[in-house]
Amino acid sequence: MGALLALSRLIDRINEFIGKSVSWLILIAVLVSAVNATVRKVFNVSSNAWLELQWYLYGAAFLFAAAYTLKQNEHIRIDILYGAWSRRVQHWIDLFGHVFFLMPMVTLMIYLLYPYVMRAYISGEVSTNAGGLILWPAKALLLFGFAQMFAQGISEIIKKIAVIRGDLADPFPATGHHGHDAIEQEEAL
């Protein structure tokens, strides 16, 4: 289990670095948007490439932050039902969800996206919009985002098994950061 936990920590560090780094893509996208709008209004000049660049940047930020969000235990769930169970049952629910829902879906997406990206790359596919960008980088973002989520799913499965076995302390004893914050506030009173 030690080697698996080491692998999990490596995946977590990589996805945390990527997740925190891509936050800058939002600022860049906002700046591109502002410059594009200003140039269009002031000089009456525009290009679809700038608009598509914004989409690429927002898409990359969303896709690359998804694995980090999973690592932080911040993906949306129905807490009214989930929160009614003991923490041990919640770990089993999470493990079941990761193994039977997350991993098959992510695996299927990678399987389907790889040829999709390769065809776009080999053909040099370009946007159908006048002055648009090449498409394979945007499609590759999808593939990379799902590959990143696959790796984080493996990490989460390893950690859930370790917590259930008692080999690892529960990193989120109160179902996520929000629940953890509530416990800290109660302890402060």
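User: Which residues is Ser155 in contact with, leaving aside its neighbours within four places in sequence?

Analyst: Please keep in mind that this is a predicted model. Apart from those sequence neighbours, Ser155 is in contact with Ser8, Ile11 and Asp12. Ser155 itself is found in helix H6, which covers residues 136-165.

User: Is Ser155 buried or exposed?

Analyst: A residue is called buried when its relative accessible area is under 20%. Ser155 has 0% relative accessibility, so it counts as buried.

User: How should I read salt bridges, and how many does the structure hold?

Analyst: One looks for a side-chain nitrogen of Lys or Arg within 4 Å of a carboxyl oxygen of Asp or Glu. The structure holds eight salt bridges. In one of them, the side chains of Glu16 and Lys71 meet at 3.0 Å, N to O. Glu16 lies in helix H1 and Lys71 in helix H3, so this pair ties together parts that are 55 residues apart in sequence. Glu16 is partly exposed, with a relative accessible area of 24%, whereas Lys71 is buried at 13%.

User: Which side chain meets that of Lys139 in a salt bridge?

Analyst: The partner is Glu125, at 2.8 Å, N to O. Lys139 belongs to helix H6 and Glu125 to the loop between H5 and H6, so the pair ties together parts that are 14 residues apart in sequence. Lys139 is buried, with a relative accessible area of 10%, while Glu125 is partly exposed at 27%.

User: Which residues are linked with Asp12 in a network of salt bridges?

Analyst: The network links Asp12, Glu156 and Lys159. Asp12 is also one of the residues in contact with Ser155. Lys159 is buried at 12% relative accessibility, and Glu156 is buried with a relative accessible area of 7%.

User: How should I read a nonpolar core, and which residues have the most contacts inside the largest one?

Analyst: A core is a set of buried nonpolar residues joined through side-chain atoms within 4.5 Å. The largest core here has 13 residues, and Leu102, Val106 and Met149 have the most contacts inside it. Helix H3 (48-71), helix H5 (87-123) and H6 each give two or more residues to this core. The largest share, six residues, comes from H5. Not counting residues up to four places away in sequence, Leu102 touches Leu70, Gly97, Met149 and Gly153. A second, separate core has 11 residues, including Ile18, Val22, Leu25 and Phe64.

User: Which residues make the nonpolar surface patch?

Analyst: The patch of about 460 Å² is made by Met1, Leu4, Leu7, Leu10, Ile14 and Ile161. Helix H1, residues 2-21, gives the most to the patch, with four residues. Leu10 has its place in helix H1 and counts as partly exposed, at 40% relative accessibility.

User: Where does UniProt place the feature "transmembrane region"?

Analyst: Such an annotation comes from a record and may be inferred rather than shown by experiment. The unreviewed UniProt entry places the feature at residues 21-43, 55-71, 92-114 and 134-151. In the model, residues 55-71 are 100% helix and 0% strand, and their end C-alpha atoms lie 25 Å apart. Residues 134-151 are 89% helix and 0% strand, with end C-alpha atoms 28 Å apart.

User: What is the phi of Asn44 near, and what is the phi of Asn73 near?

Analyst: Most residues other than glycine have a negative phi. Asn44 has a positive phi, near 55°, and Asn73 also has a positive value, near 60°. Asn44 lies in the loop between helix H2 (23-43) and H3, and Asn73 is found in the loop between H3 and helix H4 (79-82). Asn44 is exposed, at 68% relative accessibility, whereas Asn73 is buried, with a relative accessible area of 11%.

Conventions. Residues are numbered from 1 along each chain as its sequence is written. This is a predicted model: local features need pLDDT of at least 70, side-chain atom pairs count only at pLDDT 80 or more; totals for chains, interfaces and linings use all residues. Side-chain values use heavy atoms; hydrogens and water are left out. Buried means under 20% relative accessible area, exposed over 50%, partly exposed in between (1.4 Å probe, protein chains only). Contact means heavy atoms within 4.5 Å. Patches are made of residues with over 30% relative accessible area and no salt bridge: like charges are joined within 9 Å, nonpolar side chains (Val, Leu, Ile, Met, Phe, Trp, Tyr) within 5 Å. Accessible areas come from the Shrake-Rupley method with a 1.4 Å probe; for residues, only the protein chains shown count as cover.
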